[in-house]
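Welcome! Please take a moment to look over the sequence and turn the model around on your screen before reading on.

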Amino acid sequence: MAGTEDHRGETSILVDSVSLTYTSTSGSSPLSRFRPGQGRARRTQVHAVRDVSFSVTRGEFVGLVGRNGSGKSSLLRVIAGVEPATSGTVYARSTPTLIGVSAALIGEMTGSENITLGCLAMGLSPAEVERARPAVEELAGLGAAIERPMKTYSSGMGARLRFAISRASHPEILLIDEALSTGDASFADRSRRAMDEALEDAGTIFLVSHAAQTIEELCTRAIWLEQGRLVMDGPAEEVARQYRWFAHVLAEGDEEKALGLLNDAHAENRRQYG
Ligand SMILES: Nc1ncnc2c1ncn2[C@@H]1O[C@H](COP(=O)(O)OP(=O)(O)OP(=O)(O)O)[C@@H](O)[C@H]1O
């Protein structure tokens with residue numbers, strides 16, 4: 001486009017030694033106060049993200065992959081700024097849009113009304129909302145259900161609407177947490193096109209998924225987390241291949257071998273990418 005500069009290659013996000021520790025209190029029930037010595041609450045800590053560092057440039061599509069509880073969503077929430085890091089810093093060139101959080105939608109309202117609400121919440125003016133509406137409705141692909149209250153939608157339909165709304169503001173940095181896995185095949189197609197457009201805007205996309213295949217098909221780069229630590233950061237195909245092998249070995253019950261693969265991948269990553 002005339003007059004637009006190509007910003008590809010510029011750093012859009014820098015994650016510098018980020019850790020996130022959740023502290024929760026457990027073991028105290030109001031009734032247990034009747035029994036002396038039993039009412040003391042225990043504080044437990046979960047180290048969800050441990051000393052993770054990387055930088056991402058514009059035009060990159062980064063997949064965060066790892067097992068349940070490996071820290072993917074927590075890291076995404078820190079990048080989005082909805083969860084403060086316990087230590088370390090995230091520098092972002094513009095405000096990242098996290099699907100599902102930015103669009104604070106209301107179940108009693110129709111899909112159409114929620115488009116208005118979600119777009120206004122992302123900072124669009126009423127006129128911009130009306131201009132964006134046809135594209136949002138097309139991407140969400142809900143047909144006549146767009147006039148039904150959102151609480152009547154399946155979780156996949158809700159995810160589609162949130163994804164479509166989040167694209168309306170053309171954010172430079174888009175964060176997606178498993179949204180795609182809830183869509184059907186035709187939605188997957190449309191969302192893929194929407195993501196290609198986002199990358200053409202010289203944007204940056206993060207996608208969280210357990211599925212190595214999704215990461216491999218969509219992303220240019222992948223970051224593999226295990227117990228909050230960065231195991232590997234590299235080309236999506238290579239990371240997905242090694243993660244898939246690790247998950248397979250673990251599913252077979254060979255924990256020793258899985259640990260060996262984890263250590264090898266980590267060592268290889270340090271050797272190649274510092
Ligand atoms: N609000 C919270 N309070 C306490 N612990 C939490 C909280 N949120 C997440 N955790 C813990 O932090 C760890 C990382 O969780 P997180 O949701 O980031 O993992 P994940 O890789 O996204 O998992 P999944 O693939 O299952 O969604 C887990 O041990 C989880 O139990």
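The report below walks through the model, the helices, the sheet and the ligand shell.

## About the model

This is a predicted model, in which local features need pLDDT of at least 70, side-chain atom pairs count only at pLDDT 80 or more, and totals for chains, interfaces and linings use all residues. Residues are numbered from 1 along each chain as its sequence is written.

Helices (H or I, at least four residues) and strands (E, at least two) are DSSP runs, numbered from the N terminus.

## Helix 3 with helix 4

Two packed helices are described by the angle between their axes and the distance between the axes. Here, axes are lines fitted to C-alpha atoms, for helices over the stretch in contact, and angles run from 0 to 180 degrees between N-to-C directions. Helix 3 (residues 126-140) packs against helix 4 (residues 155-168) at about 145°, and their axes are 8 Å apart.

Helix 3 contributes Ala 132, Val 136, Leu 139 and Ala 140 to the contact, while helix 4 contributes Arg 160, Leu 161, Ala 164, Ile 165, Arg 167 and Ala 168. Residues count as in contact if their C-beta atoms, placed from the backbone, lie within 7 Å. By class, this contact has 8 nonpolar, no polar and 2 charged residues. Ala, Val, Leu, Ile, Met, Phe, Trp, Tyr, Cys and Pro count as nonpolar, Asp, Glu, Lys and Arg as charged, and the others, Gly among them, as polar.

## Helix 2 and its partners

The axes of helix 2 (residues 111-121) and helix 4 come within 9 Å and cross at roughly 40°, which means that helix 2 is oblique to helix 4. (Angles under 35 degrees count as roughly parallel, over 145 as roughly antiparallel, 65 to 115 as roughly perpendicular and the rest as oblique.) In this pair, Gly 111, Asn 114, Ile 115, Gly 118 and Cys 119 of helix 2 meet Leu 161, Ile 165 and Ala 168 of helix 4. Their classes are 5 nonpolar, 3 polar and no charged residues.

Helix 2 also packs with helix 3, at an angle of about 120° and with axes 10 Å apart, so helix 2 is oblique to helix 3. Ile 115, Thr 116, Cys 119 and Leu 120 of helix 2 touch Val 129, Ala 132, Arg 133 and Val 136 of helix 3. This contact divides into 6 nonpolar, 1 polar and 1 charged residues.

## The sheet

Which order do the strands of the open sheet follow? The sheet has 6 strands in the order 5-6-7-3-8-9, with mixed pairing. Two strands pair if DSSP finds at least two bridges between them. At the edges are strand 5 (97-98) and strand 9 (229-235), each pairing on one side only.

Strand 6 (residues 173-177) pairs with strand 7 (residues 204-209) in the parallel sense over 5 bridges. The bridge partner of Asp 177 in strand 7 is Val 208.

## Around the ligand

The ligand is surrounded by 13 residues, the closest being Tyr 22, Ala 48, Asn 68, Ser 73 and Ser 74. (A residue is near a molecule or strand if its C-beta atom, placed from the backbone, lies within 6 Å of it.) Strand 1 (11-26), strand 2 (42-57) and helix 1 (72-80) are the elements that give two or more residues to this shell.

Helix 1 gives the most, with 3 residues. By class, the shell has 3 nonpolar, 9 polar and 1 charged residues.

Key
Two residues are in contact if their C-beta atoms, placed from the backbone, lie within 7 Å.
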